[in-house]
Amino acid sequence: MMENDKKLLVFKKDCDNGDVLGQTYFVKFLDEDKTCAIFYKPLIAPRYFKEYIKENEIEEAYEIKSNDKLLKYYDKIYTFKSEGGVYFVNKKVDITEKLVLLVDKGMEIDIDLPKFSYEVDQNTIILSKYKKNKYCGYCYVSTPSIVNEDLKKIMISAQEVIPNVLSFVSYNFDVISKKKKK
C-alpha cells in the first residue's frame, strides 16, 4: 500500500562524506526526546542559511530509497510517520510482510486489493501509483491478514521496509549487525 506518510531518514552527521542518498529534508524536532518533528522546505535559502539552521536547531537528513543504502545505514535510520500534521519519530526500521500478485497484460484479473504499476529492479519491485498502460502489467499488493487464504496460494511473499519498495530477499538486521561488528 502506498505509504507516502512514512519516510526513512538518515541524518547528515551519520553519513559518510560524499555519499549520495535520496531527497534532502530539514528536520526540526518539537520535543526534547526527539519523538515528534516537522520538516522545513526552504524554497529560497536565507542569506545566512547555515546560521539559521544552527540557531533554530534544524538538522539535515536524507531519505533512504534503495536497498543498498538501507543495508549500509540501517542502524542509523529513523522512521518518520505522519500523524496529525506532524511526524512521529522512531529509531528503528519496521519490516512489513506483503503479498504480491503480478498480472500480465492480456490476462487481466480484477480483485478487490490495492492495484499498482511496478518496475522490477534486481530483487525488488518498485511500486508506483497505478497508471493504465497498454504494454505493461500491474500488480496487487496487500498485507497477509487481509488476503483470502485461497488467493494467498498464488501470491508471492515480499517484505517492505522502504515505502513502496518490496524486496524478495528477507531482511535480517540482527545478522547484518553481527557481521558489521566483526
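Mentor: Start with strand S1 (residues 6-11): 6 of its 6 residues are buried, so S1 is largely enclosed by the rest of the structure. Buried means under 20% relative accessible area, exposed means over 50%, and partly exposed is in between, using a 1.4 Å probe and protein chains only. Strands are DSSP runs of E with at least two residues, helices are runs of H or I with at least four, and both are numbered from the N terminus.

Trainee: Okay, and what sort of model is this?

Mentor: This is a predicted model, where local features need pLDDT of at least 70, side-chain atom pairs count only at pLDDT 80 or more, and totals for chains, interfaces and linings use all residues. Residues are numbered from 1 along each chain as its sequence is written, and side-chain values use heavy atoms, with hydrogens and water left out.

Trainee: Back to S1, then. Which residues sit on each of its faces?

Mentor: Lys6, Leu8 and Val10 are on one side, while Lys7, Leu9 and Phe11 are on the other, and all are buried. In a regular strand the side chains alternate between the two faces of the sheet.

Trainee: Which strand does S1 pair with over 5 bridges?

Mentor: That's strand S5 (residues 77-83), and the pairing is antiparallel. Two strands pair if DSSP finds at least two bridges between them. In S5, Ile77 stands opposite Val10. S1 is also joined to strand S4 (residues 58-63), by 3 bridges, and those two run antiparallel as well. There, Leu9 stands opposite Glu63.

Trainee: What do S1 and S4 belong to?

Mentor: A closed barrel of 6 strands, running S1-S4-S2-S3-S6-S5, with antiparallel pairing. The twist averages 45° from one strand to the next. Angles like that run from 0 to 180 degrees between N-to-C directions, with axes being lines fitted to C-alpha atoms, for helices over the stretch in contact. Phe26 stands opposite Tyr40 in S3.

Trainee: Where's Asp19?

Mentor: Asp19 is in the loop between S1 and S2, and it is buried, with a relative accessible area of 17%. Asp19 and Lys69 are 50 residues apart in sequence, yet 9.4 Å apart in space, C-alpha to C-alpha.

Trainee: New topic. What about the strands from S7 on?

Mentor: Those give a closed barrel of 6 strands too: S7-S10-S8-S9-S12-S11, with antiparallel pairing. Neighbouring strands of this sheet are turned by 45° against each other on average, direction ignored. Strand S7 (residues 96-103) has 5 antiparallel bridges with S11, and another 5 join S7 to strand S10 (residues 138-142). Val100 has Ile156 as its bridge partner in S11, while Leu102 has Cys139 in S10.

Trainee: How many bridges are there between S11 and S12?

Mentor: 2, between strand S11 (residues 156-160) and S12, again antiparallel. Glu160 stands opposite Leu166 in S12.

Trainee: Which residues make the nonpolar surface patch?

Mentor: Leu102, Ile156 and Phe168, over about 220 Å². Patches are made of residues with over 30% relative accessible area and no salt bridge, joining like charges within 9 Å and nonpolar side chains (Val, Leu, Ile, Met, Phe, Trp, Tyr) within 5 Å. A salt bridge is a side-chain nitrogen of Lys or Arg within 4 Å of a carboxyl oxygen of Asp or Glu. Areas come from the Shrake-Rupley method with a 1.4 Å probe; for residues, only the protein chains shown count as cover. Phe168 is in the loop between strand S12 (165-167) and helix H4 (173-181), and it is partly exposed at 36% relative accessible area.
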